[in-house]
Amino acid sequence: MTNITIPDSVTTIGNNAFNNCHSLQSITIPDSVTHIGNLAFNNCTSLESVTIGSGLTAIGQFFYNCYNLKNVTISQCFMYIS
């Protein structure tokens, strides 16, 4: 799995949801997602691009160990949670 587009029916991405997905290169998160849990993309070492929709209101530490991340597009500001 290298590219993921989360469907509009999803509202939450849980803790460790994509933990250790080493082949994941890009992800698109729609406006319907309001919360991304801690370490949702932990150790996604090939992740290069993330697009986050405008619905996000809370986010945990989810770019941890994403060493190749080059592009993050965020539609709005959000609140950080730990």
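1. Leaving aside neighbours within four places in sequence, Asn42 is in contact with Phe18, Asn19, Asn20, Phe62, Tyr64 and Asn65. The model is a predicted one. Asn42 lies in the loop that runs between β4 (35-36) and β5 (49-52). Its relative accessibility is 10%, and because buried means under 20%, Asn42 counts as buried.

2. Asn20, one of the residues in contact with Asn42, belongs to the loop between β2 (12-13) and β3. At 38% relative accessibility, Asn20 counts as partly exposed. Its phi is positive, about 65°, although Asn20 is not a glycine. Most residues other than glycine have a negative phi.

3. Leu39 is another non-glycine residue with a positive phi, here about 55°. Leu39 is found in the loop between β4 and β5, and Asn42 lies in the loop between these two strands as well. With a relative accessibility of 25%, Leu39 counts as partly exposed.

4. Four strands make up an open sheet in the order β1-β3-β5-β7, and their pairing is parallel. β1 (3-5) and β7 (71-74) stand at the edges; each has a single partner strand, so one side of each is left without a neighbour in the sheet. From one strand to the next, the twist averages 0°.

Definitions and conventions
Residues numbered from 1 in each chain as written. Predicted model: local features only at pLDDT ≥ 70, side-chain atom pairs only at ≥ 80, totals over all residues. Heavy atoms only, no water. Pairing = 2+ DSSP bridges. Axes fitted to C-alpha atoms, helices over the stretch in contact; angles between N-to-C directions. Buried < 20%, exposed > 50% of the residue type's maximum accessible area, 1.4 Å probe, protein only. Contact = heavy atoms within 4.5 Å.
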